[in-house]
Amino acid sequence: FLETTTMASVLSPTRWLHLATTALLLSTNPAASFSSCSVSSSSSSRPSSSTLSVASTPPQETSTSYDTVKVDLSNGRDYPIYIGSDFTDKEAAALLRKHIHGKRVLLITNDRIAPLYLERYQQLLADNSVDDKELVVDTVVLPDGEENKSYDVMAMVLDKALELGLDRKSTFVALGGGVIGDMVGFASAIYQRGVNFVQIPTTVMAMVDSSVGGKTGVNHPLGKNMIGAFHQPQCVFIDTNTLNTLPDRELKSGLSEVVKYGLIRDAPFFEWQEQNMDKLLARDPDATRYAIRRSCENKAEVVQADELEAGVRATLNLGHTFGHAIENGSGYGTWLHGEGVSIGTAMAATMSEKMGWIDEGLKQRIYDILESADLPVKLPRDSPMKVETFNKLMSLDKKVADGQLRLILLQGDLGNCKFTGEFDTGALQETIEEFVKEIEG
């Protein structure tokens, strides 16, 4: 179902093409639920903070088109994912503030994003000209990086919330990539046994995956994301213009999760990526927005079907069991998450082919698309990974049940996969040995 409203008098040819493409996708995938709308309108291990309240200013008479993907959940917990670019300040403020239910907001980001976007979003959240609701917006700036995705760093958010005397009606807002989103989500899940939070992702990885679905947590020296909770946001606000400041390496890292959706459940999307990867790398705005929207649609459908990862949601972890082992075993921060997932996806494809679950042609297409995104498909010569390292770290994976390792593997035609503990352990060991041998060879 596609609902279109606009306050602009004329739609550009590009916009008409976008709407036509959206309608076509919905006609072939009725489960997708979204609409296209318009609305009038310093590095340190210690957190820094500020407080802001903004007076009313005259409204702007402009409008911007954006997409809304709905995450359908039970008990009235549905929430929207807003996807667009060039939001006016009034539009962004209106969309964000309607999901703030109390009078206090704690806006959390990292020391890399803060100089770029913190001041703007603090002002937007505090702008009461759109609804006459007075909000006090405090901020916390955390150190950047996967190596800082720890309980101790996350506790800085809790410390600040307690210092400020924030109550259960307060809202935490995560401004940043997957690390910030996961930590802020976890902090909001456990602060006073749960407060609301909002996601404002600024990386491809966070936009297409980690900001949607309510998985939150921190790393432990013995395993990635081993301490956490399921806690859904009130909304996800995606302004694709924030990707203009995203380093190339991080953009490519996020594309591994985009590739994943095509492999596990959306063959037409994979084929589209094969034809448009150059546009994604070039940051073409239309291609980027489509890839983000289609990824969010896929994620939303899976989360609706299996919110707590009892079954089908686990398939979103294609390549992650291998990838998490690589991230941990190499030292957090050595690899970006998507880079580890890319190598892990290559390993899952290799293992699937060894078992006869996919053919050589599909395996090669998987390697080709990852390499076309300039993502790694093998370990470097200086990698510390050994067979024993893989086996030990994979045995601690969250998908292990009753001591049995379970993997997401590809089976059959493109767009199909299987989450199972029933696989050829010999093929698993052969795959690990093959990838480790490349290091030693």
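Asn317 is buried in this predicted model. Its relative accessibility is 11%, and buried means under 20%, so Asn317 falls on the buried side of the cut-off. Where does Asn317 lie? It lies in the loop between helix H9, residues 285-305, and helix H10.

Now look at what surrounds Asn317. Leaving aside residues up to four places away in sequence, Asn317 touches Lys215, Glu309, Lys399 and Ile408. With one of these, Glu309, there is also a polar contact. The side chain of Asn317 meets the side chain of Glu309 at 3.4 Å.

The crossing of H10 past H13 is right-handed. Which residues of H10 meet H13? They are Thr321, Phe322, Ala325, Ile326, Asn328 and Gly329. On the H13 side, Thr389, Phe390, Leu393 and Met394 take part. Sorted by class, this contact has 6 nonpolar and 4 polar residues, with no charged ones.

H8 passes H9 in a left-handed crossing. From H8, the contact uses Phe269, Trp272, Lys279 and Leu280. From H9, it uses Ala287, Thr288, Tyr290, Ala291, Arg294, Ser295 and Asn298. By class, there are 6 nonpolar, 3 polar and 2 charged residues where H8 meets H9.

One more pair of helices remains to visit. Helix H2 spans residues 89-97, and helix H3 spans residues 114-126. Their axes come within 8 Å and cross at roughly 65°. H2 and H3 are therefore roughly perpendicular to each other. H2 passes H3 in a right-handed crossing. H2 brings Asp89, Ala92, Ala93, Leu96 and Arg97 to the contact. H3 brings Arg120, Tyr121, Leu124, Leu125 and Ala126. How many residues of each class make up the contact of H2 with H3? There are 7 nonpolar and 3 charged residues, and no polar ones.

Definitions and conventions: Residues numbered from 1 in each chain as written. Predicted model: local features only at pLDDT ≥ 70, side-chain atom pairs only at ≥ 80, totals over all residues. Heavy atoms only, no water. Left-handed = near helix turned anticlockwise from the far one by under 90°. Helix = DSSP H or I, 4+ residues; strand = E, 2+ residues; numbered from the N terminus. Contact = heavy atoms within 4.5 Å. Nonpolar A, V, L, I, M, F, W, Y, C, P; charged D, E, K, R; others polar. Buried < 20%, exposed > 50% of the residue type's maximum accessible area, 1.4 Å probe, protein only. Polar contact = N/O pair within 3.5 Å; in protein donor to acceptor, adjacent residues only side chain to side chain. Axes fitted to C-alpha atoms, helices over the stretch in contact; angles between N-to-C directions. Parallel < 35°, antiparallel > 145°, perpendicular 65-115°, else oblique.
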